Amino acid sequence: MTEEAGIYARESSYLGRCVQVGIASGRVVSVSFPGSLASEAESDHDLLDRIFDYLEGVEDDFEDVEVALTVPTDQRAVLEAVREIPYGSQVTVERLTRRIADFDADEEDDRDRVRAALDGNPVPLVIPDHRVRDAPSAAPPKVEQRLRSLEGL
């Protein structure tokens with residue numbers, strides 16, 4: 001990505017909502033699913049092209065997409081672990097917690113920290129929290145359900 005910045009969005013008939021991406025210094029800072037297009041949003045962006053290909057069934061893990069995470073270190077560790085879950089795969093909160101250094105999957109507090117990080121994910125879809133089956137997604141429930149269905153989860 002170049003050093004661009006802005007808000008980019010398109011309507012998705014598959015999701016029944018818009019897909020909106022925020023970019024700063026060429027890195028993704030937000031992904032959201034508003035009910036209508038923001039007036040300042042532009043529709044032409046390579047990442048939107050990839051997302052819409054994905055929504056049409058093209059496998060993409062978005063692993064090469066640069067993300068600017070401005071979250072605490074423990075949340076970053078959770079979200080980075082989620083990025084490693086391959087397309088079409090799912091894990092439980094317990095299994096995900098086991099993948100994160102300094103987290104104990106047997107501790108409810110650590111599993112709650114994982115759930116909180118997923119719920120606050122600033123870039124759902126790019127960081128595929130919909131692949132954690134027993135946890136909240138930062139995407140709206142209908143969007144999460146559609147993403148899971150798309151990947152056969």
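Buried area is the accessible area, found with a 1.4 Å probe, that two parts lose on being put together, summed over both; the legends below apply this term to a predicted model.

View 1. Twelve residues from domain 1 and 16 residues from domain 2 take part in the contact. About 1300 Å² is buried between domain 1 and domain 2, and carbon and sulfur atoms give 72% of this area.

**View 2. The side of domain 1 that touches domain 2.** Of the area that domain 1 buries against domain 2, 52% is supplied by Tyr14, Phe33 and Tyr54, more than by any other three residues. Between the two domains there are zero salt bridges, while four residue pairs are in polar contact. S3 and H1 are the elements that give two or more residues to this side of domain 1, and the largest share, four residues, comes from S3.

**View 3. The largest nonpolar core.** This core has 43 residues, and those with the most contacts inside it are Val19, Ile51, Leu55, Val78, Leu96 and Val132. Among the elements that give two or more residues to the core are strand S2 (17–24), helix H1 (46–55) and helix H5 (141–150), with the largest share, six residues, coming from H1. Domain 1 and domain 2 each provide at least three residues of the core.

**View 4. The surroundings of Val132.** Leaving aside residues up to four places away in sequence, Val132 touches Val82, Ile85, Val91, Thr92, Val93, Leu96 and Leu118.

Technical notes
Residues are numbered from 1 along each chain as its sequence is written. This is a predicted model: local features need pLDDT of at least 70, side-chain atom pairs count only at pLDDT 80 or more; totals for chains, interfaces and linings use all residues. Side-chain values use heavy atoms; hydrogens and water are left out. A nonpolar core is a set of buried Ala, Val, Leu, Ile, Met, Phe, Trp, Tyr and Cys residues joined through side-chain atoms within 4.5 Å. Buried means under 20% relative accessible area, exposed over 50%, partly exposed in between (1.4 Å probe, protein chains only). Domain bounds come from an automatic or database domain assignment. Contact means heavy atoms within 4.5 Å. A salt bridge is a side-chain nitrogen of Lys or Arg within 4 Å of a carboxyl oxygen of Asp or Glu. A polar contact is a pair of N or O atoms within 3.5 Å; within protein, one must be able to donate a hydrogen and the other to accept it, and residues adjacent in sequence count only if both atoms are side-chain atoms.
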